[in-house]
Amino acid sequence: MRRDLVAMTITQEPETTSAGKNRPDLGRATHLSCRECAATVELGPHYACMECFGPLEVAYAYGTVTRESIEAGPASIWRYKDLLPVPSNVADIPNTEPGFTPLLRADNLARELGMKTLWVKNDAANPTHSFKDRVVAVALAAARELGFTVLACPSTGNLANAVAAAAARAGIRSFVFIPSDLEQQKIVTSAVYGTTLVAVEGNYDDVNRLASELAGQHEDWAFVNVNVRPYYAEGSKTLGYETAEQLGWRLPRQVVIPVASGAQLVKVDKAFGELVSLGLVEGEQPAIFGAQAEGCSPVSTAFKEGRNVVKPVRPSTIAKSLAIGNPADGPYVLDITRRTGGAVEDVTDDEVVEGIRLLARTEGVFAETAGGVTVAVLAKLLREGQLDPGAETVIFNTGEGLKTLDAVAPVVGPAGTIEPTTEAFRALVPEA
Ligand SMILES: *Cc1c(COP(=O)(O)O)cnc(C)c1O
Ligand SMILES: [Zn+2]
C-alpha cells in the first residue's frame, strides 16, 4: 500500500521523500549529513551514508532561537523543539512529554568527595524513569511524520520501557526485543504497557542484529535506535540544553556521562556546541568525561591505550543498561573526550554498588546501576587527579534505582527485627 503511494506521488510531486509523503515537517531540520564524509541526504528513513556507511546527522537551518523563545515553551523537551527534528506542532501530539528534570545541587556528595560545586541532573524523574524517554519522544514524533506506523526497538531495558509507554500513549502497536537475562523489574515495567515484548536468547549485540534484520523486512516499523537513529539520537541533546538553562544559561566546566553506545555523550557535546554558536551561552566547551563498567569497557580501554579503534567485548556486568559490547559511537566518544580535555574511565561492579549507596546516602537520590557507574567514575577520576575538584561539575543520573533493586538488595536492609517494645528498640540502637 505504501509502495503504491510512493510510486504515485513521485511522478506527480517533485517535493516527495522516499517515505511516500510530501516533504516532512521536521521543524527546522533541513537534511541529513554524513558525519564522516559530509555527503548530503534528504530527510527520510535513512540512517547510514550510501557513500561510506558513516552515521547520518540531522542538519538544521537554525534561524533565530532566543532564551526567551525557549523559556516561553512547555516544561518538557518540547521547549527546545526548534533545535530538534520534530514537527512544529509537536507539543500538541500525544507523547510522553519527558524532560525538564531536576538539576540538584549536590553539596553533601561534593563535601564527601572534596569537591567545590557539584550538580546531579536527575533523569530518573522522566515518565518511565530514565533518559531514554527523551530519545524515544523525538523518535516517535519524527517516525510518525516519516510515515511509520509501528514503533520497535532492541533494548538493554530502559529503552524497552520508554518505547512501550510512548507507543501506548500514541495509540500505536509496538514490538520490543530484549536479552532474556534482563532484570525482572525492567521486564515487568515494559510488558505492563501492552507492548509485544520478545525475550531473545543472547546478549544485546545479538538482539540488535536481529532487530536490524527485521527492520529490513518491515518497512512500516520504526526501530527507534536502528532505522530512525539519526532522529532518535538528537533527543539526547536536550540533556545538554537543560543543564545549561538550569544553571542560568551557563555551561559547567566538567560533565560526567555514562557510556553505552556513546550516543548520549556525543549529542550532549553537540548541544553545548550549538548553544555557544547560537549565542545562547558564553564560554568554553566543558571537559567531557565518559563512564563505563569494567565488565563492559571497550571505550575506556581504547582511551587508556591511546587507540582510536574500539575493540568489541562480550559484556559481563551488573550495569546492564550500559552493556553494549560494540558501541556505535565509541570512536566519537574518544574524539570528544580527548578534544575537550576529558577522559573515559571504568569501575568494578563493587564500586558501582558503592556509587549507588553513596549517592543515595548523601543526596537522597536512588540511582540504577548506570548512575552508580557515573558516581563511582567521578570518585575514581578525582582520586586519580584527572578531574579538577575546584571546577563546577555536573553528573548525569540517567536511571532509577527501583529498576535494578537486585544490585543493592544483598547489601542494605533493616538494622534489625525487634518485638514491638521500647526495650527491644533500645537494645538494638543503644545510642538513640
Ligand atoms: C541507554 C542508557 C545509557 C547510555 O546511553 P547511550 O546513548 O547508548 O550511550 C545511560 N544510562 C542509562 C540508564 C541508559 O538506559
Ligand atoms: Zn559518508
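**Exercise 1. Work out how confident the predictor is in this protein, and where the model calls for caution.**

Step 1. Start with the overall confidence: this is a predicted model, and its mean pLDDT is 93, with 95% of the residues reaching 70 or more.

Step 2. Over residues 1-20 the pLDDT is below 50. Beyond near neighbours in sequence, this stretch still has 29 contacts in the model.

Step 3. Decide how to treat those contacts. Where pLDDT is low, the predicted coordinates should not be read in detail.

**Exercise 2. Find where ligand 1 sits and describe the residues around it.**

Step 1. Sort its shell by residue class. Around ligand 1 there are 7 nonpolar, 6 polar and 2 charged residues.

Step 2. Pick out the nearest ones. Of the 15 residues around the ligand, those that come nearest are Lys132, Ser261, Gly262, Gln264 and Thr398.

**Exercise 3. Which atoms of lysine 132, glutamine 264 and threonine 398 lie close enough to ligand 1 for a polar contact, taking 3.5 Å as the cut-off?**

Step 1. Take the oxygen atoms of the ligand. A polar side-chain atom of lysine 132 is 2.8 Å from one oxygen atom of ligand 1, and a backbone N or O atom of glutamine 264 is 2.9 Å from an oxygen atom of the ligand.

Step 2. Turn to nitrogen: threonine 398 places a polar side-chain atom 2.6 Å from a nitrogen atom of ligand 1.

Step 3. Finish with the cover. On its own, ligand 1 has 390 Å² of accessible area, and the protein covers 96% of that.

Conventions. Residues numbered from 1 in each chain as written. Chains lettered and ligands numbered in written order. Predicted model: local features only at pLDDT ≥ 70, side-chain atom pairs only at ≥ 80, totals over all residues. Heavy atoms only, no water. Near = heavy atom within 4 Å. Polar contact = N/O pair within 3.5 Å; in protein donor to acceptor, adjacent residues only side chain to side chain. Areas by Shrake-Rupley, 256 points an atom, 1.4 Å probe, with all protein chains shown as cover. Nonpolar A, V, L, I, M, F, W, Y, C, P; charged D, E, K, R; others polar. pLDDT = per-residue confidence, 0-100. Contact = heavy atoms within 4.5 Å.
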